Amino acid sequence: MIKLDRYDIAILSILARDGRITKSRLAEEVNLSISPAWERVRKLEESGVIRGYRAELDWTGVMAASRIVVEVTLARHTAHDMRRFEERVQAAPEVVQCYATGGGVDYVLHVLTRDIDHYQRFIDALLIDELGIERYFTYIVTKVVKNLPDGVPGWVQKASDDVP
């Protein structure tokens with residue numbers, strides 16, 4: 001676990017909002033000169049805290065698409081069964097996010113398909129592949145209320161304000 005100070009957290013917060021910010025603007029916003037600010041960015045990249053930079057896309061402006069949340073429970077919880085399921089999900093272009101969870105279900109998938117028929121064909125393929133799915137629940141997303149990229153949570157930012 002890497003130790004972050006308030007400058008690091010400020011840099012991460014800014015980059016999470018604007019990955020294309022210039023070096024000089026970033027330095028200005030965190031109140032450092034350009035070289036020290038950029039050296040911190042380089043260290044955060046090397047440590048793996050910053051995994052990459054990407055564009056935030058809104059596919060609804062390009063095509064009609066169905067967003068679906070799927071809860072999946074496996075019949076067995078062996079390492080082999082879980083690995084097989086995870087490898088299949090990794091290879092599925094319809095799955096944009098997959099979380100292994102504790103509690104009532106084993107996995108929560110965020111799926112993006114052309115339409116509901118495409119989704120049903122995707123689920124049918126998972127079942128045909130005999131991945132050990134005991135049950136699944138489908139939730140059609142009717143409206144996105146909040147969708148933030150993985151950035152610095154506000155509560156971390158507030159806590160860092162107290163760090164000298």
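A crossing of two helices is left-handed if the near helix is turned anticlockwise from the far one by less than a right angle, and right-handed if it is turned clockwise. The legends below concern a predicted model, in which local features need pLDDT of at least 70, side-chain atom pairs count only at pLDDT 80 or more, and totals for chains, interfaces and linings use all residues. Residues are numbered from 1 along each chain as its sequence is written, and side-chain values use heavy atoms, with hydrogens and water left out.

**View 1. Helix α1 (residues 6-17) packs against helix α2 (residues 23-30).** Helices (H or I, at least four residues) and strands (E, at least two) are DSSP runs, numbered from the N terminus. The axes of α1 and α2 are 10 Å apart, at an angle of about 130°. Axes are lines fitted to C-alpha atoms, for helices over the stretch in contact, and angles run from 0 to 180 degrees between N-to-C directions. The two helices, α1 and α2, are therefore oblique to each other; angles under 35 degrees count as roughly parallel, over 145 as roughly antiparallel, 65 to 115 as roughly perpendicular and the rest as oblique. The crossing of α1 with α2 is right-handed. On the α1 side the contact (heavy atoms within 4.5 Å) is made by Tyr7, Ala10, Ile11, Ile14 and Arg17, and on the α2 side by Leu26, Glu29 and Val30. Six of these residues are nonpolar, none is polar and two are charged. Ala, Val, Leu, Ile, Met, Phe, Trp, Tyr, Cys and Pro count as nonpolar, Asp, Glu, Lys and Arg as charged, and the others, Gly among them, as polar.

**View 2. Leu26, Ala27 and Val30 are the buried residues of α2.** Seen down the axis of α2, these residues fall within an arc of 100°, so they line one face of the helix. The arc is that of the directions from the helix axis to the C-beta atoms. Buried means under 20% relative accessible area, exposed over 50%, and partly exposed in between (1.4 Å probe, protein chains only). What covers the buried residues of α2 includes α1 and α3 (34-47).

**View 3. Helix α2 meets helix α3.** Their axes come within 9 Å and cross at roughly 95°. That makes α2 roughly perpendicular to α3. Lys23, Ser24, Leu26, Ala27 and Val30 of α2 touch Ile34, Ala37, Trp38 and Val41 of α3. The residues of this contact comprise seven nonpolar, one polar and one charged.

**View 4. Asn31 and Glu130 have positive phi values in loops.** Asn31 follows α2 and is found in the loop between α2 and α3. Its phi is near 65°, and Asn31 counts as exposed at 66% relative accessibility. Glu130 lies in the loop between α5 (116-128) and β4 (133-140). Phi of Glu130 is near 50°, and Glu130 is exposed at 62% relative accessibility.

**View 5. Thr73 is a buried residue in strand β1 (residues 66-74).** The relative accessible area of Thr73 is 7%. Leaving aside neighbours within four places in sequence, Thr73 is in contact with Gly104, Val105, Asp106, Gly132, Ile133, Glu134 and Arg135.

**View 6. Tyr119 is a buried residue in helix α5.** The relative accessibility of Tyr119 is 3%. Leaving aside neighbours within four places in sequence, Tyr119 is in contact with Ile68, Val70, Val111, Thr113, Tyr136 and Thr138. Tyr119 and Ser66 are 53 residues apart in sequence, and their C-alpha atoms are 8.1 Å apart in space.
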